[in-house]
Amino acid sequence: MPHSQTSAPRGSVRLARGASPWLLPTVATAALSLVRARRSKRAAVLAVPATALAAGMLWFFRDPEREITQGRVISPADGVVQSIMPWKDGRTRVAIFMSPLNVHVNRAPLAGTVTSVEHIPGGFVPAFNKESENNERVVWHFDTELGDIEMVQIAGAVARRIVPYVPQGTKLEQGERIGLIRFGSRVDIYLPEGVEVAVEVGQTTTAGVTRIDRD
């Protein structure tokens, strides 16, 4: 059976799965520095950047609830459409750049079954650079009503860890959370031949909300 959509109220925010290795040490350091700040002026000075960093981490790893849009293909990522490129096999690649300010939890673009999740080692050049196609990445394939859909999570210069949430064989609902990319990065989705793109370069997208294809 597909995973059920969350019952949390719309607009509520939780922390992303996979955030702990970065978040816990940062928050613990901030808490300790605040305790020591009561006794030492030097500790008080250090508490300011430590607390700011912890707040930044909490903001970065936010994972808000979304009301999933109805449509054939929806955006898997928050960000900005970086490029729309016809592919040799007839598909169209839509590349979405995610800055460190975006929510970095990615969602299933269609309902279907995960047929493969492949981790491919690579470099860590900035995700907006053409050479980022050779970066560390995770390639997903979904068996959907439109056939095989490929999606690629690409690590950036800072994002050096991609955390898949679901394994091969998982049945997903459209808009369900499937993974996290830590810090700035990119997500590519390949639309099948004959599917018209509804977004344009420079457009802002919201995972689970922005429709990618056109009727």
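1. Two strands count as paired if DSSP finds at least two bridges between them. In this predicted model, strand 3 (residues 79-86) and strand 4 (residues 92-98) meet that description, pairing in the antiparallel sense over 6 bridges. Within this pair, Pro86 stands opposite Thr92 of strand 4.

2. The pair belongs to an open sheet of 8 strands, ordered 10-6-7-8-12-4-3-14, with antiparallel pairing. At its edges are strand 10 (171-172) and strand 14 (204-205), each of which pairs on one side only. Strands of a sheet pair through backbone hydrogen bonds, either parallel or antiparallel.

3. Next, the core. The largest nonpolar core has 33 residues, and Val94, Trp140, Phe142, Val166, Leu172, Ile178 and Leu191 have the most contacts inside it. At least two residues of this core come from each of strand 4, strand 7 (137-144), strand 8 (147-155), strand 9 (162-164), strand 11 (177-181) and strand 12 (185-191). In soluble globular proteins, nonpolar side chains tend to be buried together.

4. Which residues does Phe142 touch, leaving aside those up to four places away in sequence? Among them are Pro109, Thr113, Val114, Ile149, Met151, Leu172 and Ile178.

5. Ile149 lies in strand 8. Is Ile149 buried or exposed? Ile149 is buried, because its relative accessible area is 0% and the cut-off for buried is under 20%. Not counting residues up to four places away in sequence, Ile149 touches Leu110, Trp140, His141, Phe142, Thr144, Ile189, Tyr190 and Pro192. Ile149 and Pro109 are 40 residues apart in sequence, and their C-alpha atoms are 8.8 Å apart in space.

Technical notes
Residues are numbered from 1 along each chain as its sequence is written. This is a predicted model: local features need pLDDT of at least 70, side-chain atom pairs count only at pLDDT 80 or more; totals for chains, interfaces and linings use all residues. Side-chain values use heavy atoms; hydrogens and water are left out. Helices (H or I, at least four residues) and strands (E, at least two) are DSSP runs, numbered from the N terminus. A nonpolar core is a set of buried Ala, Val, Leu, Ile, Met, Phe, Trp, Tyr and Cys residues joined through side-chain atoms within 4.5 Å. Buried means under 20% relative accessible area, exposed over 50%, partly exposed in between (1.4 Å probe, protein chains only). Contact means heavy atoms within 4.5 Å.
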